[in-house]
Protein chains: 2
Amino acid sequence: MPNTAKIIDGKLIAEAIRGELKDEVAMLARRGVVPGLAVVLVGNDAASEVYVRAKRKTCLELGINSFDYDLPPDCTERRLLDLIRDLNEDGRVHGILVQMPLPKQIDSGKVLLAIDPRKDVDGFHPVNLGKLLSGEPCFVSCTPAGCQQLLLRSGYDPAGKHVVIVGRSNIVGKPLVALLMQKAPGGNATVTVCHSRTRDIAAITRQGDILVAAMGVPEFVKADMVKEGAVVIDVGVNRVPDATKKSGTRLVGDVDFAAVSQKVEAITPVPGGVGPMTITMLMKNTVQAARTFA
Amino acid sequence: MPNTAKIIDGKLIAEAIRGELKDEVAMLARRGVVPGLAVVLVGNDAASEVYVRAKRKTCLELGINSFDYDLPPDCTERRLLDLIRDLNEDGRVHGILVQMPLPKQIDSGKVLLAIDPRKDVDGFHPVNLGKLLSGEPCFVSCTPAGCQQLLLRSGYDPAGKHVVIVGRSNIVGKPLVALLMQKAPGGNATVTVCHSRTRDIAAITRQGDILVAAMGVPEFVKADMVKEGAVVIDVGVNRVPDATKKSGTRLVGDVDFAAVSQKVEAITPVPGGVGPMTITMLMKNTVQAARTFA
């Protein structure tokens, strides 16, 4: 009988964290502080609209004020920067989220830099990335923070483990390397980062006590690329054709789940693994921001 | 006959870079710009005085203006912050270097944050560290930048190689991980960072096509910890007792040079390897800063 991996249930873990956040929000309310998140959407990208709706809905659930700004697709950079300046100064707003990607006429780097780092709950401002790298308190970007929580809350502390991260994107791979190598609780891992330029990648990934797949290639990680008994975190979200589905497509991760789950100790599913954690960590950062300002 | 490694001569490589910098400084001078570096020393730590003297001397050699500030050991944080504010606004000053460590009454983090990131030629401001992590143009801190130059100028491009870094300090290990994993010229390495919490460290270090030792433990890396034919960069500078020397001590690196050099393709000596590169990269950053302001 093949081994069957423990499923790391991101929905359940996210729910537990949201429960804790509700309590914190209630405690802050007794001190007269209601955490506030400004969610800025520019244009009408369908995927962005879905994400933004989900973020706003989660705010309401937790008792966080959601300040909604929907700007037209032809919004100028100036207008967006003016809005951010106002939000930086607005005492009711503790976190500012500008949904990416932005329309072409707007320089995203400039926009990120304009956000007050103390309100940068996405953790993308260079000041927060720099503090993350040097191990100072900061806002950790949401997907890496979610990966770390999935591990810790499933009993897989990365300390002393070899964590192999596949993919070096600015929103997952790079900040996750920085997060897990720190001399700090939840860190202390030996970390290897590999990517498109890595030679004999299977020889590297097979060494991971913990393997994080975050390169955005559907089912790239096969069973012969993982160590027996490893813990696998699958960050990928890829839509692939599937004639058996009504929609004609289905979601898969960066890991060949069916095969890999026969071999490993634990694995996150897609959907229902890392996905639910990302918005939850955004809420956690917003509450953290409110606590600082309170 | 045992193999004898190629010696990567940091003095020679540093000299070559200084030659290039002299030319650049001359070119800037023709446009009316003389690069200026403010070197701030607080107190009278003997080692710091040596470093600061060397930095000022190198400025003179290259035609860079050196602005010297020597503050007493009981200097207040306020006074130092006021000086930095003045230097931030001083058009003749393109780079600001505050020699670390600072006396106890001064918060170093606060001081680093006060330096205009555009003048932060040490590359320690969170904005520069954050840009380094996300791969944007920035000031790269001097020792990691020096390690990269030693590799590139000796014909050992890290691209596609497995680089193992031992040590995760804020001034070497962490920024070097960030530098070498980037999708950029001089980067593109598969990078592993290991440290005091790494299990079976020899099994990891033996995988390094390039091995960087930067943990500050005298001669920690033994011959059985390196791959045959590896390239070894030794960042360590440790003073150990030696009865055969008049001073009673000698300098050694973090690598057991005598044994390891029999086994590897190339290695940096201590002294004369990474050391001479650090000040040189500081000068390079200062010239880069002057170019931006010019």
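The C-alpha centres of domain 1 and domain 2 of chain A lie 29 Å apart, where domain 1 covers residues 32–123 and domain 2 covers residues 141–275, the bounds being taken from an automatic or database domain assignment. The model is predicted, so that local features need pLDDT of at least 70 and side-chain atom pairs count only at pLDDT 80 or more, whereas totals for chains, interfaces and linings use all residues. Residues are numbered from 1 along each chain as its sequence is written, and chains are lettered from A and ligands numbered from 1 in the order in which they are written.

The contact between the chains takes 27 residues from chain A and 27 residues from chain B, two residues being in contact if their C-beta atoms, placed from the backbone, lie within 7 Å. On the side of chain A that touches chain B, α5 (126–134), α7 (173–181) and β6 (190–194) each supply at least two residues; helices (H or I, at least four residues) and strands (E, at least two) are DSSP runs, numbered from the N terminus. The largest share of that side, eight residues, comes from α5(A). By class, the side of chain A that touches chain B has twelve nonpolar, nine polar and six charged residues, where Ala, Val, Leu, Ile, Met, Phe, Trp, Tyr, Cys and Pro count as nonpolar, Asp, Glu, Lys and Arg as charged, and the others, Gly among them, as polar.

Within chain B, the axes of helix α1 (residues 10–30) and helix α6 (residues 142–153) come within 11 Å and cross at roughly 95°, the axes being lines fitted to C-alpha atoms, for helices over the stretch in contact, with angles that run from 0 to 180 degrees between N-to-C directions. Because of this angle, α1(B) is roughly perpendicular to α6(B), a description that applies to angles of 65 to 115 degrees, while those under 35 count as roughly parallel, those over 145 as roughly antiparallel and the rest as oblique. The contact is made by G10(B), I13(B) and I17(B) of α1(B) together with Q149(B), L150(B) and R153(B) of α6(B), and these residues divide into three nonpolar, two polar and one charged.

Most residues other than glycine have a negative phi, and most peptide bonds are trans. The peptide bond from M100(A) to P101(A), however, is cis, with omega near -5°, and P101(A) is placed in the loop between β4 (95–98) and α4 (108–114) of chain A. In chain B, a cis peptide bond joins M100(B) and P101(B), with omega about 0°. E219(A), although not a glycine, has a positive phi of about 50° and is placed in the loop between β7 (210–213) and β8 (231–234) of chain A. E219(A) counts as buried because it has 20 C-beta neighbours inside 10 Å, the classes being buried for 20 or more other C-beta atoms within 10 Å, exposed for 12 or fewer and partly exposed in between, with C-beta atoms placed from the backbone.

Q99(A), also found in the loop between β4 and α4 of chain A, counts as partly exposed because it has 18 C-beta neighbours inside 10 Å. Q99(A) and V39(A) are 60 residues apart in sequence and 7.3 Å apart in space, C-alpha to C-alpha. When residues up to four places away in sequence are not counted, Q99(A) touches V39(A), V40(A), L41(A), S48(A), Y51(A) and V52(A).
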